[in-house]
Protein chains: 2
Amino acid sequence: MKDRYLDFVNSPFGTSIARSLGLPRPEVLRRHRADHAEFGGMAAIGAGPSPALFDELMAVLSAIGMTGIAHESASGWLPVAARHGAMSGRFEPRARDASASDRVEALIFDATGINESAQLHSLYAFFHDALRSLAKNGRIVVIGRPPATRANAPAATAQHALEGMVRSLGKEARNGITSNLLRVADGADIESALRFFLSPRSAYVSGQVVSIDAPAAAPESWATPLAGKRALVTGAARGIGASIAAVLAERGAIVTGLDVDAARDALDQTMLAIEDASPSAGAHAALVADIAAPEAAAEIAAALAASGGVDIVVHNAGITRDKTIARMTGEMWDSVIDINLLAQERIDDVLLARNVLRANGRIVAVSSISGIAGNRGQTNYATSKAGVIGRVHAMAPLLRERGVTINAVAPGFIETHMTARMPFGVREAGRRLNSMGQGGLPVDVAETVAWLASPGSAGITGNVVRVCGQSLIGA
Amino acid sequence: MKDRYLDFVNSPFGTSIARSLGLPRPEVLRRHRADHAEFGGMAAIGAGPSPALFDELMAVLSAIGMTGIAHESASGWLPVAARHGAMSGRFEPRARDASASDRVEALIFDATGINESAQLHSLYAFFHDALRSLAKNGRIVVIGRPPATRANAPAATAQHALEGMVRSLGKEARNGITSNLLRVADGADIESALRFFLSPRSAYVSGQVVSIDAPAAAPESWATPLAGKRALVTGAARGIGASIAAVLAERGAIVTGLDVDAARDALDQTMLAIEDASPSAGAHAALVADIAAPEAAAEIAAALAASGGVDIVVHNAGITRDKTIARMTGEMWDSVIDINLLAQERIDDVLLARNVLRANGRIVAVSSISGIAGNRGQTNYATSKAGVIGRVHAMAPLLRERGVTINAVAPGFIETHMTARMPFGVREAGRRLNSMGQGGLPVDVAETVAWLASPGSAGITGNVVRVCGQSLIGA
C-alpha cells in the first residue's frame, strides 16, 4: 500500500503546498541500503557523572566509522575523551532552520553513573544544547542501568526517570529521529544494540527501552552476523514474514520458510527470490505445514533436525478474526489463540525437548501493539498477542542456561496487504498517530528480528521491542 | 471546566441530534453519591477451571448487597455456586438495543485456575454471552494470578494473556463501563480491590492491571475505612489535591492539607469546607510550607510528629514548566524535577527515618500518563513523573517490613484549571482519546488514592494505577 500523503508532501510541489497550509510533513525515513554506508558522520556524546560505558561507546563509534564529539557540559570526563582522541565542543541551542551542514547524526548520552535525580540535569544540559544540531533521521540513544540493579532507591528512581526523558525527546524531535534507552547491566555488551539503534535499520523503532544483562561475543562479521546460522520463519510466504526471511538471509542465515499449503505458490516465490539474492544460494528451503495441526510441531522438528538443527526460530505466523465479542464465534476465538499462541508453545516445546534448537539459539516471537493496549474487535487477537508477551517473560529465565534468548517484537501500524484493506479513516489514524507520522514497512520489523537473532545480542532476553514509530497508543 | 459536548449530547435535544448525525455520545459517568446506595443489582459470574477465589468473591458480593448469578458456561463449579445460594443462568447474546430491565451491573470472572491458554476459551464463552447484558456504567472485573507466581510457563503465559482480554473488553464496552484485571497472589485479600472496582468510585479507572500480593485485615467500617488515620496531602489548596483531601476526610481520615504560602487563602478555604462536611470536625489542619525549601521536610515531619505521627502520605504537589528542550531554561528543568520528584524523596526520608510515618502506613504518589508515555514539551515533567514510578517500584520491597505500602496513581486527562487553559484542539483530543470519551474529574483521582490508602489495601504495593478512562495513550 502506497502512503500517498507521505509521497505528496515530500514532492517538490507538495512540500510548498504543505508548508503554506501548515500541514504536517512526515520525513521520508532513511532505511538500510546495500549501496550506502550504514554509518558515518559525527556523534555528539554527553554524560552524567562517572560514565561507566564511555570506553566501550568510543570503541564502537570508532569501529563503525563515526566521529565522537565529547560535549563540554560533561566536563568531568573530557580528559577521558581526549585520551580516546575524541574532539570536544559545545552546541549552542540553534535556530530551528539553521543550516544543515554542521549537523550531527547521533546524540548519545552515557547516564550509567547517575545515582540521584538531581544529576538528571546533565541530560537537560546536553539535549538542550544539542538536540537542534541533530540531523533528520538522526539517532538519540541514552545508556543507563537496569533500575533493579542499583544499590539504593534514589539511584533506581533516577534510572527509571530516564524513560520519561527518552520518550519525550522522541515525541519532540520528529524529522525521522528515533530516541531509545538501553539499560545495560554491569558487564553486559552494548555493541550489538548500539549498532542497531545507530543504524538506518532501526528506522521505525523509537521510544523503546531495551535491557541488556549479559556479555556477548562479537560475530566474525557485523555485516553477516548470521553466517552459518539456520533459521525457521513461520508465515514466511508474504508480508512481514517474507521480509523477515529475506533479511535473515541477507545477514547470512540459511532460512527455512514455512507456510500453509494454500500459500505454497507465494512461499515458493518468496524463497526463490531469497535464493537469487542470497550469498548462501541453494541452501534455503520452503516447508509447507499447517501449524494448527497437532502433528505439525513434530514434523517441523524432524525437518529441521534433518539439516542438523536450527539456531533461530521466528514465530511470525498469525491470523486475525476480528469481531466484537458478542458477534465472535467460538471457532474465531479458538483459531486465533491456537495459531498465534498455542502453536508457538507446541513448536518450541518439541524443538527444546529434542535439542533441535541448538545452544545459543534465538527465539523471536511477533506480538502486537494490540497485545499491549488491547483493541476493539480484537479480544481474541489481543489476548493471543498478550500471551506471546507473557510467554517471553516466563521463558526467558528458563532458557538462560542453554544460552537461548527469547524476545518479542510488537509491530504497530505496518504497511501490508492487511492494513491496505482497512477503512480509510482507521488506516490514516494508524499511520499518523506516531512520532514518525507514517506507517512502518515490513522490513522495519524484519531488521529488528535480525538484530535480536544475532550472536551479538546474547545479552538481550525477555524484552518486548515495539516496532511502531513510537505510536501514541499503549497502556 | 465544563465539558459542553458531553452535556449537550446527553440533553434530550442533543441526544436526538447526536443520534441522527452519528456523533459519539459519551455516557455521563455514575459517580459515588452519599444519597445513593454504592452497590446493588446483579453480578454475573463466570469462571475458568478450578476458580480459587469463588468463595471470597461470593462473600464480598453478599457483604455489599449484590446478587451473584453463576453463568452456566462454568458448569464445573455450579454445585459450588448452589452451595452459596447463587442463582445460575445463561445470557444469550442479545440485540444491542434490548430492554435495559434485565441488565446486570457487573461481570466478574474468576480466572485464577487457568493454567494453559486453551482454557482462555472460558473467558470467551462468558463474555460472548454476557457482555451485552451489562448495564451502562457497569463493571468488568477479571481475577487472575500474578504470572511470575505460576508453576510453569504455559500457566504464566495464559495469566498474562488476560491483559489483552481485559483491555480489549474495555475498548469494546463503552457506555461508561470499566474493565480491570486483578492479579491476586495465593492468600492475598480481594475485598478492598473488588469493592473499589465494583463501585462508582472507580468511574474513570479502566484498562488497569493491579497486583495484590498479601493478606489484609478488614477495616471496622467500609464506609469510613480511614477512621482514626492521619493523612498528609501536599498541594491540597486546589484541584486534584483539594479533592484528595476532601475524599480522605469523607472516608474518616484527619487531614493535614499542605500548600505554599501563595496558596494560603485557597488552602484555608479548602480545609474549612472539609471541616464543615466532616465527621471529625476541628481536627483537620492547614500547613503552609514550600516543599522546594531544604528545611521543609524537617518542618513537615515536626508538625506531623506533634500530633502523634501520620498514617497516609499523598505526594500530590507538582508543577509544570512546559517548553521544548531547546527553549527550556535550566531553572525550568530543575524546579520541576525538584518539586515533583526530589521533594517526595526528601519528605519520605525524614518521615521514615524519624518514624513519623507509622507502621502500616500508606504512601501514594501522583505520577502522570506523561511519565509513562513521554510528552512533547514536557521533558522535565515526564522525567520527574517517570521517576515517581521508578521510586514506587524501588521503595515497595524496602517498605514491606514496616507494613508500609507505596503506590502511584497516574492521571490522564482530568478536568482542572490546568486543562481549562489548554488550546481547544489539545483539550478536545485529551477528552475524547479514551474509552470513556470524556475527561475525568479530580474526584476520580481522589477516590483511587483513598482506596490505595485504606487498611484493606495492605496487600497492594508497588502498583501504578492509571486514572485515565483507559486513555489510548501509553507506551
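**View 1. The largest cavity holds about 60 Å³ of space.** On a 1 Å grid over the protein atoms alone, a cavity is a set of points where a 1.4 Å probe fits but cannot get out; the volume is the space filled by probe spheres set on the points, which are joined across faces, edges and corners. The count comes to three cavities of 30 Å³ or more. This is a predicted model, where local features need pLDDT of at least 70 and side-chain atom pairs pLDDT 80 or more, while totals for chains, interfaces and linings use all residues. Residues are numbered from 1 along each chain as its sequence is written, and chains are lettered from A in the order in which they are written.

**View 2. Who lines the largest cavity?** The lining divides into three nonpolar, six polar and three charged residues, with Gly counted as polar and Cys as nonpolar.

**View 3. Strand S12 (residues 357–366) of chain A is largely enclosed by the rest of the structure, because seven of its ten residues are buried.** Buried means under 20% relative accessible area with a 1.4 Å probe, protein chains only. Strands are DSSP runs (E, at least two residues), numbered from the N terminus.

**View 4. S12(A) pairs in the parallel sense with strand S11 (residues 310–315) of chain A, over five bridges.** Pairing takes at least two DSSP bridges. Here A:Val314 has A:Val364 as its bridge partner.

**View 5. Five bridges also join S12(A) to the parallel strand S13 (residues 405–411) of chain A.** A:Ala365 has A:Ala408 as its bridge partner in S13(A).

Terms used. Heavy atoms only, no water. Buried < 20%, exposed > 50% of the residue type's maximum accessible area, 1.4 Å probe, protein only. Helix = DSSP H or I, 4+ residues; strand = E, 2+ residues; numbered from the N terminus. 1 Å grid on protein atoms, 1.4 Å probe; cavity = no way out; pocket = protein on both sides within 12 Å on 5 of 7 lines; lining within 4 Å.
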